[in-house]
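Take a moment with the sequence and the model shown here.

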Amino acid sequence: MPKLSEPWQEKIETERYALYLGDCLDILPTLESIHLVITSPPYDNLRTYNGYLWDFEKVAPQIFCSLVEGGVVVWVVGDSTVNGSETGTSMRQVLRFMELGMRLHDTMIYEKASVNFPETTRYYQIFEFMYVLSKGSPRAINLLHDRPNLWAGQKVHSTVRNADGSLTPKVCIGNLTDEFGIRYNIWRIPHNLPGRHLHPATFPEALAFDHARSWSNNEDTLLDPFMGSGTTGVAAIKLGRKFIGIEIDPTYFAIAAKRIAEARLETPAERALASLPRDGTAGDLKRLIAKRRSKR
Ligand SMILES: C[S@@+](CC[C@H](N)C(=O)[O-])C[C@H]1O[C@@H](n2cnc3c(N)ncnc32)[C@H](O)[C@@H]1O
């Protein structure tokens, strides 16, 4: 049972993680030294989550205060359409984070494999934003090198644009293009793992996992103040990070607690497998490379 003075209804704590059942607005002020937040808050009342509400204007400063200098927030959001217009709420939230002192480090796109609500008056909505914000300069940057290079093994060559607009070929003798280059900032991530239906709005484990790899180091502390079914927590444990999760709904809290308790640090072999290119874009490019090579 919680003490009367404690702002949570339940807390599960181990050496690797702490999970809170309660309102993140009450619990965030008790947290500090967070290295990375990966979260997808409820947005635009697209889903009511059993009637629980939250106030962005109050929560955003608390998230900012909980971060260490160089800490990063990955804010996974989209907008609903009201009276024929997209709300733009996600963009307003990002501008507010910037007013609070955060940098907008990268505006990234999570491209889904399929469409939720087919539209008849506009192109099918297939993505969510993944805003990467940082408190100062990000302290951990481990960009993923898993995009197959079309020109792998060949001499690096490009062109330089001259002042008069003409192009001069540039060849860097001796430098061969690597097999893999740094990933682009649009991630097409299939969402087909078991467990995705445990909660109405999970994001893929690969999304959390790849952001955790990109913006944190071993033993860092990750936070998800809108934990849902605990996807960020599972990724954190598999990667050897520590995790703090907050969820207001007891049913989702129980699902998250079970998933995170069952998660284990990945073996080197599992980690190597997890590092393989797994987004559709990389797959398409691989096929294109194979086709080109077969023609040579
Ligand atoms: C979009 S879902 C997160 C899903 C999660 N990323 C996953 O993969 O399972 C947002 C969650 O925030 C929870 N929530 C809503 N208001 C909250 C609050 N004030 N404090 C903590 N959690 C809240 C909802 O119950 C819901 O589970």
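Strand E1 (residues 10-13) and strand E2 (residues 17-21) run antiparallel and are joined by four bridges. Strands here are DSSP runs (E) of at least two residues, helices are DSSP runs (H or I) of at least four, and both are numbered from the N terminus. Two strands pair if DSSP finds at least two bridges between them. Glu10 has Leu21 of E2 as its bridge partner. A hairpin of three residues links E1 to E2.

This is a predicted model: local features need pLDDT of at least 70, side-chain atom pairs count only at pLDDT 80 or more, and totals for chains, interfaces and linings use all residues. Residues are numbered from 1 along each chain as its sequence is written.

Now turn to strand E4 (67-77). Five bridges tie E3 to E4, and the two run parallel. Within this pairing, Leu36 has Val72 of E4 as its bridge partner. E4 also pairs with strand E8 (residues 127-134), this time in the antiparallel sense, over six bridges. There, the partner of Val74 is Val132 in E8. Eight of the eleven residues of E4 are buried, so the strand is largely enclosed by the rest of the structure. Buried means that 20 or more other C-beta atoms lie within 10 Å of a residue's own; exposed means 12 or fewer, and partly exposed is in between, with C-beta atoms placed from the backbone.

Leaving aside residues up to four places away in sequence, Ala212 touches residues including Leu36, Ile38, Leu222 and Ala235. Touching, or contact, means C-beta atoms, placed from the backbone, within 7 Å. In soluble globular proteins, nonpolar side chains tend to be buried together.

Which residues of helix H2 (residues 56-66) are buried? They are Ala60, Ile63 and Ser66. They lie on the same side of H2 because they cover an arc of only 130° around the axis. The arc is that of the directions from the helix axis to the C-beta atoms. On the other side, Glu57 and Lys58 are exposed. The cover over the buried residues of H2 includes strand E3 (34-39), E4, helix H3 (89-99) and strand E14 (221-224).

Phe64 is also in H2. Phe64 counts as partly exposed because it has 19 C-beta neighbours inside 10 Å. Its contacts beyond four places in sequence are Leu100, Gly101, Met102 and Lys135. Phe64 and Lys135 are 71 residues apart along the chain, yet their C-alpha atoms are separated by 7.5 Å.

Next, look at a loop. Asn83 sits between strand E5 (81-82) and strand E6 (85-86). Its phi is near 50°, a positive value in a residue other than glycine. Asn83 counts as exposed because it has 5 C-beta neighbours inside 10 Å.

Finish at the ligand. It is surrounded by 22 residues, the closest being Thr202, Phe226, Gly228, Ser229 and Thr231.

How values were computed:
Contact = placed C-beta atoms within 7 Å. Near = placed C-beta within 6 Å.
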